[in-house]
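This report describes the arrangement of a protein chain, as read from its atoms. Please look at the sequence and the structure shown here before reading on.

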Amino acid sequence: TECVSGCVCPEGLFDDGKGGCVEEKDCPCIHNNEWYSPGQKVTVDCNTCTCREGVWSCTEDVCYGTCMIYGSGHYNTFDGKFYDFDGNCEYVATQDFCGDKDSSGSFSIITENVPCGTTGVTCSKAIKMFLGKTELKLENKDYKEIQRDVGDDVNYWNRTVGLYLVIEASNGVMLIWDKKTTVFIKLTPDYKGKVCGLCGNFDDKSNNDFTQRNGLQETNALKFGNSWKQSSMCPDVTQEIKPCEVKPHRKSWAEKECSIIRSEVFDICHSKVDPTPFYEACVHDACSCDSGGDCECFCSAVAAYAQECTKAQACVFWRTPDIC
């Protein structure tokens, strides 16, 4: 009805987003706010997507699910729900013994959390992995095997990759541990919807990850976490700890150190992985680790973000002689 100033493409051609006009078959595709030309490929999880006429066409391989537990009580579930839970006890990270009491399962991974620092936050000190009748205990940078009387035989292999100890089992469970407070649990897609624990249920929906041991849904992270403790003797967690409020003199140092996550060092990753929860977790940890491990806590927190960046195809070289 009225004139609009500006440029339009001639009939039959399309704007390519860069100020040019192209035929439909030459239309670009957009991913993470970046334009890709026809024929270009990107990797998403374990699948490759190719740009064709402005639309992505992707392979449909089934990918491992990953749950990450790191620092002082930060959890990122198989379905990508990020939350904090600081409990001083042993908790079920993930297992396939879900449902009724007699349900059979092949594995269970337990994390033992202990206080790190004086503010009351907790870190993972030891991890127990039950594979059939084998129990593996990972603690003090090492692991030991204990054979039990009950259960099936499940084979497993261990290897060291860089900083990490990797344990891979024949039942499709993989555990990657940095020998400190970070652990990644990877499961094959066969376990989708069949696991439970602090890592959620791996059904591709993050809104139902807070399923308690009794099967009921919960919205509160503390009540959800408490339901997965291994011993009823441990006290329930009743309030979220805010270490920067307890130790205000550490807050500005923590914010200054952790600002690397939001800085241009990680620029390439910001559009792919939101830095905010990782930055907040970093400040939380840097405030809380005040009994000697402060650099280790800070480095684990930054490494957790770097790891997610690498998964999103944004490799960042952030370690320097001064930093970690």
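## Domains

In this predicted model, the centres of domain 1 and domain 3, taken over C-alpha atoms, are separated by 34 Å. The protein chain is divided into domain 1 with residues 14-58, domain 2 with residues 65-227 and domain 3 with residues 243-312.

## Two hairpins

Strand β5, residues 41-44, runs antiparallel to strand β6, residues 47-52, and four bridges join the two. Within this pair, Val-44 stands opposite Asn-47 of β6. The two strands form a hairpin that has two residues between them, and Asp-45 in the turn has a positive phi of about 55°.

Strand β6 is also joined by four bridges to strand β7, residues 55-58, again in an antiparallel manner. Here Cys-51 stands opposite Trp-56 in β7. The strands β6 and β7 form a hairpin with two residues between them, and Glu-53 in the turn has a positive phi of about 50°. In a regular strand, side chains alternate between the two faces of the sheet.

## Disulfides

A disulfide is a covalent bond between the sulfur atoms of two cysteines. The count of disulfides in this model comes to 13. One of them joins Cys-9 to Cys-21, with a distance from S to S of 2.2 Å. The link of Cys-9 and Cys-21 is left-handed, with -90° about the S-S bond. Cys-9 lies in the segment before β1 and Cys-21 lies in strand β2, so this pair ties together parts that are 12 residues apart in sequence. Cys-9 is partly exposed at 22% relative accessibility, and Cys-21 is partly exposed at 37%.

A disulfide also joins Cys-29 to Cys-51, with 2.0 Å from S to S. This link of Cys-29 and Cys-51 is right-handed, with 90° about the S-S bond. Because Cys-29 belongs to strand β3 and Cys-51 to strand β6, the pair ties together parts that are 22 residues apart in sequence. Cys-29 is buried, with a relative accessible area of 1%, and Cys-51 is buried at 2%.

The sulfur atoms of Cys-116 and Cys-123 are 2.1 Å apart and form a disulfide. With 65° about the S-S bond, the link of Cys-116 and Cys-123 is right-handed. Cys-116 has a relative accessible area of 14% and is buried; Cys-123 is buried as well, at 4%.

Cys-27, in contrast, is in no disulfide, and the nearest cysteine sulfur, that of Cys-29, is 8.5 Å away. A disulfide requires the two sulfur atoms to be within 2.5 Å. Cys-27 is buried, with a relative accessible area of 13%.

## Cavities

How many cavities of 30 Å³ or more does a search of the whole structure find? The search finds two. The largest cavity has a volume of about 40 Å³. Its lining includes Asp-84, Phe-85, Leu-222 and His-284. By class, the lining of the largest cavity has three nonpolar, two polar and three charged residues.

The second largest cavity holds about 30 Å³ of space. Among the residues that line the second largest cavity are Tyr-70, His-74, Asn-113 and Cys-123. Strands β8, β9, β12 and β13 each supply at least two residues of this lining. The lining residues of the second largest cavity divide into four nonpolar, seven polar and no charged.

Terms used:
Residues are numbered from 1 along each chain as its sequence is written. This is a predicted model: local features need pLDDT of at least 70, side-chain atom pairs count only at pLDDT 80 or more; totals for chains, interfaces and linings use all residues. Side-chain values use heavy atoms; hydrogens and water are left out. Domain bounds come from an automatic or database domain assignment. Two strands pair if DSSP finds at least two bridges between them. On a 1 Å grid over the protein atoms alone, a cavity is a set of points where a 1.4 Å probe fits but cannot get out, and a pocket is an open set with protein on both sides within 12 Å along at least five of seven lines; lining residues have an atom within 4 Å of a point. Grid points are joined across faces, edges and corners, and a volume is the space filled by probe spheres set on the points. Ala, Val, Leu, Ile, Met, Phe, Trp, Tyr, Cys and Pro count as nonpolar, Asp, Glu, Lys and Arg as charged, and the others, Gly among them, as polar. Buried means under 20% relative accessible area, exposed over 50%, partly exposed in between (1.4 Å probe, protein chains only).
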